[in-house]
Amino acid sequence: MAKLRGIDAEIFPLVLGGNTFGWTSDESVSDQVLDAYTEAGGNLIDTADVYSAWAPGHSGGESEIVLGRWLAKNGNRNKVLVATKVSQHPQYSGLSAKNIEAAADASLLRLGLDVIDLYYAHFDDSSTPLEETAAAFDKLVKEGKVRAIGLSNYTPDRIREWFSIARKEGLTLPVALEPQYNLVYRKDYENGLMQVAKDEDLAVFPYFSLASGFLTGKYRTMDDLKGKKREGMVKDFFTQEGLDVVAAMDGIAKAHGVELATVALAWLNHRPGIAAPIASARTPEQLPALLAAAHLELSDQDMQTLDQVSDKVKG
């Protein structure tokens, strides 16, 4: 299991994504997913203040509210770590110092927490000086509102700039990176982010690990996808190269007696520098396939096959 600098805990090899909470999973079902994940040994839940502002009638913060209520009901705060993010909530857009402080306070209130374990800058904000953003995150750590800092959706150059500023000013250094990375989308992480993560000892937690469901194999044709909530996020993966990846996964999954999602997540766990992939489960029935990735050992031949077919995807 990977360790996270600044937090005295080993991270289970699967992070539970909270984007479904209060959106495609109602509160009761979300509670069941959370119960099953933690009962299996899972200990890091990843959400964001913007989840799920995109849904009709939602305003953002729905996921944090559901998670906060679950934490209060279960009384197991000491057994789980909570990661959330700032910059995309409709009321707290951007990464100015004032906004970061207000957004963090709002997240703490929704989550019912005194401290956020891992707080991410969700998307870079070029309109705010990086010195201001880095100092604002450092202030939250020094005030005891945040234990560790993470970066998501930053370029390698901007990450290096953040570290340069932090070292120069004596600010808290980030410890985690959350990039988009999966078998059909590799370019961003492998072309620069992987190296900076290695150089700065960042724990890497890939999001969209299952390519919004494409790598579960449940969408084999565009007809399978039509009318689904994830249609807009998945349709770009429907290329011959993308479908070839799914076909290769089929053979490996059958050989191991597991589901495709298990193979996709296990591939990530076998890649250099990955602490744990993030994946969400809409229902508790979807969770076993995700959890199984924590224990699946892929052979060198399995990895070579997946790497080769994945190399051909233009993503």
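Is the crossing of α3 and α4 left-handed or right-handed? I looked this up at the outset, in what is a predicted model. I recorded the crossing as right-handed.

**Entry 1. The pair α3 and α4**

I took the geometry of the pair next. Helix α3 covers residues 97-111 and helix α4 covers residues 130-142; they pack at an angle of about 30°, and their axes are 8 Å apart. I then listed the residues that meet. From α3 these are Ala97, Ile100, Glu101 and Ala104, and from α4 they are Glu132, Thr133, Ala136, Phe137, Lys139 and Leu140. Sorted by class, this contact has six nonpolar, one polar and three charged residues.

With 3.6 residues a turn, an α-helix has residues three or four places apart pointing the same way.

I also followed the charged residues of this region. A network of salt bridges links Glu101, Asp105, Lys139, Glu143 and Lys145. Glu101 of α3 and Lys139 of α4 are also among the residues that meet in the helix contact.

**Entry 2. Helix α3 by itself**

I checked the length of α3. The helix has 15 residues and reaches 21 Å from its first C-alpha to its last, close to the 21 Å expected at 1.5 Å a residue. Gly112 follows α3, and its phi is positive, near 70°.

Which residues of α3 are buried? I found Asn99, Ile100, Ala103, Ala104, Ala106, Ser107, Leu108, Arg110 and Leu111. I then looked up what they pack against: α2 (62-74), β5 (81-86), β6 (88-89), β7 (92-93), β8 (116-121) and α4.

**Entry 3. Salt bridges**

I then examined three of them one by one.

I began with Asp31 and Lys73, whose side chains meet in a salt bridge at 2.5 Å, N to O. Asp31 is in helix α1 and Lys73 in helix α2, so the pair ties together parts that are 42 residues apart in sequence. Why does Asp31 count as buried? Its relative accessibility is 12%, and the cut-off for buried is under 20%. Lys73, at 52%, counts as exposed, since exposed means over 50%. Leaving aside neighbours within four places in sequence, I found Asp31 in contact with Trp70 and Lys73.

I turned to Arg186 and Asp311, whose side chains form a salt bridge of 3.0 Å, N to O. I noted Arg186 as buried at 7% relative accessibility, whereas Asp311 is exposed at 52%.

Arg271 and Asp307 came last, in a salt bridge whose closest N and O atoms are 3.5 Å apart. Arg271 lies in the loop between α10 (260-269) and β12 (278-279) and Asp307 in helix α12, so the pair ties together parts 36 residues apart in sequence. I recorded both Arg271 and Asp307 as buried.

**Entry 4. Helix α10**

I asked how many of the ten residues of α10 are buried. The number is nine, and the helix is mostly covered. I listed the buried ones as Leu260, Ala261, Thr262, Val263, Ala264, Leu265, Ala266, Trp267 and Leu268. What covers them includes α6, α9 (240-256), β12, α11 (287-291) and α12.

**Entry 5. Val15**

I located Val15 in strand β3 (residues 15-17). Val15 counts as buried at 1% relative accessibility. Not counting residues up to four places away in sequence, Val15 touches Tyr37, Leu44, Asp46, Phe205, Ala276, Pro277, Ile278 and Ala279. I also took the separation of the C-alpha atoms of Val15 and Glu200, which is 21 Å for residues 185 apart along the chain.

I found a cis peptide bond from Tyr51 to Ser52, with omega near 0°. Ser52 lies in the loop between β4 (44-46) and α2.

Ser87 has phi near 130°; its place is in the loop between β5 and β6, and it is buried, with a relative accessible area of 2%. Ser212 has a positive phi of about 55°. I placed Ser212 in the loop between β11 (203-204) and α7 (222-225) and noted Ser212 as buried, at 6% relative accessible area.

Conventions:
Residues are numbered from 1 along each chain as its sequence is written. This is a predicted model: local features need pLDDT of at least 70, side-chain atom pairs count only at pLDDT 80 or more; totals for chains, interfaces and linings use all residues. Side-chain values use heavy atoms; hydrogens and water are left out. Axes are lines fitted to C-alpha atoms, for helices over the stretch in contact, and angles run from 0 to 180 degrees between N-to-C directions. Helices (H or I, at least four residues) and strands (E, at least two) are DSSP runs, numbered from the N terminus. A crossing is left-handed if the near helix is turned anticlockwise from the far one by less than a right angle, and right-handed if clockwise. Contact means heavy atoms within 4.5 Å. Ala, Val, Leu, Ile, Met, Phe, Trp, Tyr, Cys and Pro count as nonpolar, Asp, Glu, Lys and Arg as charged, and the others, Gly among them, as polar. The expected span of a helix is 1.5 Å times one less than its number of residues. Buried means under 20% relative accessible area, exposed over 50%, partly exposed in between (1.4 Å probe, protein chains only). A salt bridge is a side-chain nitrogen of Lys or Arg within 4 Å of a carboxyl oxygen of Asp or Glu.
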